[in-house]
Amino acid sequence: MVRILIGVVVGLVLAPLAVMGWLRMGHPPVAVADAALPFEQQIVRVPMRARIDKEKPAAAPIQPSEDNYQAGAEIYKNECAACHGYHGKPSDFATHMFPRAPQLWQTHRDGKTVGVSDDAPGETYWKVANGIRLTGMPAYKDILTETQMWQVTLLLANADKPLPPAVVELVNGRTPVAVPVAAAAPAKAVKK
Ligand code: HEC
């Protein structure tokens with residue numbers, strides 16, 4: 001009995017001391033360039049999956065349309081492209097992040113899926129709204145409106161489908177040339 005007690009006390013004192021010692025002297029990975037801890041990915045992924053499955057909205061409150069894609073592409077250019085890249089133009093620093101920021105216009109090895117086009121829109125919406133802790137993926141719910149978050153979500157969900165030419169220009173990282181105001185007269189000439 002006494003031995004067990006001594007064992008418990010020693011364990012209670014020594015284990016935290018050993019952990020403290022390792023944290024201070026053992027070179028645990030803190031740099032982006034360091035290798036991941038064993039199970040680091042799983043520790044984050046498993047609870048995140050469970051949480052998203054529980055909370056993701058079942059359906060989008062807006063429909064995919066040319067206007068919504070266009071708005072989504074503008075939002076993507078302003079808020080997301082720096083990390084997630086453009087079609088054919090990956091982000092400069094995404095591979096120098098830990099974890100890496102996935103390139104959302106890159107076609108997967110199956111030759112069909114583009115970025116997160118294989119994920120349920122509700123899942124992508126959840127990630128955009130809530131962010132992903134300890135990864136650099138921001139939470140946009142206080143930055144974008146609900147409609148804006150759905151617009152960019154629907155664009156990404158349909159990244160494997162044909163998109164309107166103006167939207168393709170934006171996701172290719174090219175800004176469509178704006179018609180200068182002076183050249184816009186007579187107004188009729190520039191109307192579609
Ligand atoms: C500062 C960099 C950064 C910005 C800006 C950013 N993200 Fe992310 N995002 C990340 C990182 C890093 C991950 C990877 C997280 C992980 O590994 O779990 C990620 C993950 C994601 C994922 C999940 C990808 C997958 O494969 O499951 C989606 C979807 C996403 N981001 C969408 C967006 C959208 C939409 C925007 C703009 C509104 C945006 N992100 C802005 C860094 C960023």
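Does Phe39 count as buried or exposed, and how many C-beta neighbours lie inside 10 Å of Phe39? With 10 C-beta neighbours inside 10 Å, Phe39 counts as exposed; a residue is called buried if 20 or more other C-beta atoms lie within 10 Å of its own, exposed if 12 or fewer, and partly exposed in between, with C-beta atoms placed from the backbone. The structure described here is a predicted model, in which local features need pLDDT of at least 70 and side-chain atom pairs count only at pLDDT 80 or more, while totals for chains, interfaces and linings use all residues. Residues are numbered from 1 along each chain as its sequence is written.

Phe39 is found in the loop between helix H1 (2-25) and helix H2. Helices (H or I, at least four residues) and strands (E, at least two) are DSSP runs, numbered from the N terminus. Although Phe39 is not a glycine, its phi is positive, at about 65°. Leu134, in the loop between H4 and H5, is likewise not a glycine and has a positive phi of about 60°. Leu134 is exposed, because 10 other C-beta atoms lie within 10 Å. A positive phi of about 70° is also found just after H4, at Gly131.

The ligand is surrounded by 20 residues, and the closest are Cys80, Cys83, Pro99, Thr135 and Met137. A residue is taken as near a molecule or strand if its C-beta atom, placed from the backbone, lies within 6 Å of it. At least two residues of this shell come from each of helix H3 (66-84) and helix H4 (121-130). H3 gives the most, with five residues. The shell comprises 14 nonpolar, four polar and two charged residues. In this classification Ala, Val, Leu, Ile, Met, Phe, Trp, Tyr, Cys and Pro count as nonpolar, Asp, Glu, Lys and Arg as charged, and the others, Gly among them, as polar. Pro99, one of the closest residues to the ligand, is placed in the loop between H3 and H4. The peptide bond that joins Phe98 and Pro99 is cis, with omega at about -5°.

Helix H4 is largely enclosed by the rest of the structure, because seven of its 10 residues are buried. These buried residues are Pro121, Thr124, Tyr125, Trp126, Lys127, Val128 and Ala129. They pack against helix H2 (40-55) and H5; two residues are in contact if their C-beta atoms, placed from the backbone, lie within 7 Å.

The packing of H4 with helix H5 (residues 146-157) has an angle of about 135°, and the axes are 9 Å apart. Axes are lines fitted to C-alpha atoms, for helices over the stretch in contact, and angles run from 0 to 180 degrees between N-to-C directions. H4 and H5 are therefore oblique to each other, since angles under 35 degrees count as roughly parallel, over 145 as roughly antiparallel, 65 to 115 as roughly perpendicular and the rest as oblique. On the H4 side, Pro121, Thr124, Tyr125, Val128 and Ala129 meet residues of H5, namely Met149, Trp150, Val152, Thr153, Leu154, Leu156 and Ala157. The residues of this contact are 10 nonpolar, two polar and no charged.

H5 also packs against H3, where the axes come within 8 Å and cross at roughly 95°. H3 and H5 are therefore roughly perpendicular to each other. H3 contributes Asn68, Tyr69, Ala71, Gly72, Ala73, Ile75, Tyr76 and Cys80 to the contact, and H5 contributes Gln148, Gln151, Val152, Leu154 and Leu155. By class, the residues of the contact of H3 with H5 are nine nonpolar, four polar and no charged.

Two further loop residues were examined. Ala59 lies in the loop between H2 and H3 and is exposed, because 7 other C-beta atoms lie within 10 Å. Asp160, in the loop between H5 and helix H6 (165-171), counts as partly exposed, because it has 16 C-beta neighbours inside 10 Å. Asp160 and Lys112 are 48 residues apart in sequence, and their C-alpha atoms are 6.7 Å apart in space. Not counting residues up to four places away in sequence, Asp160 touches Lys112, Thr113, Val114 and Ser117.
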